[in-house]
Amino acid sequence: MTSSQESTLHYPLGDTLPGPAQTLEVAPGVKWIRMTLPFALDHINLWLLRDRQTDLHGQIREGWTVVDCCVNRTEARDQWEQIFASELEGLPILRVIVTHMHPDHIGLAGWICRQWNAPLWISATDYNVARVAMKDRDGFGGESGADFYSLHGQRDEEFLLHVRGRGSYYSSLVAPIPDIYHRIMDGDQIDINGRTWQCIAGYGHAPEHIALYCAELETLISGDMVLPRISANVSVHSSEPEANPLQLFLTSLKRYFELPQDSYVLPSHGKPFTGLHTRVQQLLDHHQERLDDIMQASRQQGLSAADILPILFKRQLDTHQMTFAMGEALAHLHYLWYSRQLTRRLDENGILRFYAPTQE
């Protein structure tokens, strides 16, 4: 996001961040945790919600609900241990809510659930996709992944070697997932400490992402659906090679216009902000601009996903980022293909290219 766009948002906390293994209260009963990630996107925001529940014996239990968990790394587990010791006010974790199945969100969910004998709450689609991914030896890579990227024009041998070597990638970042879970769905209302949090399903970034909105606090835990500085990755993967995730993502984004513009947005990456409608419109405009750029380029020649990487990404990409970039490039091409603005066919080198009608 450009600086001019960022200036239209408001950051109530300014540059204040919670310290390592510390929390910062951002709303009544809502604490912010920030943990580092070993990626270019170098942090994730996690949330502690003050809670109380009635158990099966009719006894009221005071404690906390965790929202998202970080990846399964020694450093993250150590930070959680420090938080358990110093930030819970002597109270237990009562449940773990996971917005979606990506490793930085679900990675330590099973570990925390076992530590506290707490249930996992997640959408059914993301729970089951996560379970499958844990057993996938290719791990979003392997030979099938390399063949997929090669089909779409990425023939760089170093990159393809990296993809082939990504066996068990997902399970390397995610602790064993609980065998049972509590399903959450779009429209569900979760009682957390006497306040109602509404579940809002979103699609395109993850199979069935769940954001949480509390009208009493006018606060949205947006997960990855609405981020202040970047757009969530929207990718086509080799396991669903003809998906149209960008259409799903853009449709999902428009639902946030139904919430108040001055909602306090707690994103998974970046700082808490207000200006929800403004940011949603920026995200919609950003993707439309990229689609327009692709259409303009397609009038000159047929395009593979690899061909449009410089259109979508102005920075140098490392091999890890390249997998996300290729998926996102294909998501934009598929959006235009499904809307019949582009056609597609294999070229003489076995690369799938997309063509504007003037190139047919």
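Which residue's side chain meets that of Arg 131 in a salt bridge? In this predicted model, the partner is Asp 179, with 3.1 Å from N to O. The two come from distant parts of the chain, 48 residues apart: Arg 131 sits in helix α5 (residues 124–134), while Asp 179 is in the loop between α8 (169–173) and β7 (182–183). Arg 131 counts as partly exposed because its relative accessibility is 28%, and Asp 179, at 65%, counts as exposed.

That pair belongs to a longer story, since charged partners turn up elsewhere too. Side chains of opposite charge can pair when their charged atoms come close, and this structure holds 14 salt bridges. Take Lys 31 and Glu 89, whose side chains meet at 3.3 Å, N to O. Lys 31 is in strand β2 (residues 30–36) and Glu 89 is in the loop between α2 (74–86) and β5 (93–97), so this bridge ties together parts 58 residues apart in sequence. Lys 31 has 11% relative accessibility, so it counts as buried; Glu 89, at 53%, counts as exposed.

Now look at Asp 347 and Arg 353, which form a salt bridge at 2.7 Å, N to O. Here Asp 347 is buried, with a relative accessible area of 13%, and Arg 353 is buried as well, at 18%. For a network of salt bridges, go to Glu 289, Arg 290 and Asp 293, which are linked in one.

Finally, a stop at Thr 323, in helix α12 (residues 319–338). Thr 323 counts as buried, at 8% relative accessibility. Setting aside neighbours within four places in sequence, Thr 323 contacts Tyr 149, Phe 159, Val 163 and Arg 166.

Technical notes:
Residues numbered from 1 in each chain as written. Predicted model: local features only at pLDDT ≥ 70, side-chain atom pairs only at ≥ 80, totals over all residues. Heavy atoms only, no water. Helix = DSSP H or I, 4+ residues; strand = E, 2+ residues; numbered from the N terminus. Buried < 20%, exposed > 50% of the residue type's maximum accessible area, 1.4 Å probe, protein only. Contact = heavy atoms within 4.5 Å. Salt bridge = Lys/Arg side-chain N within 4 Å of Asp/Glu carboxyl O.
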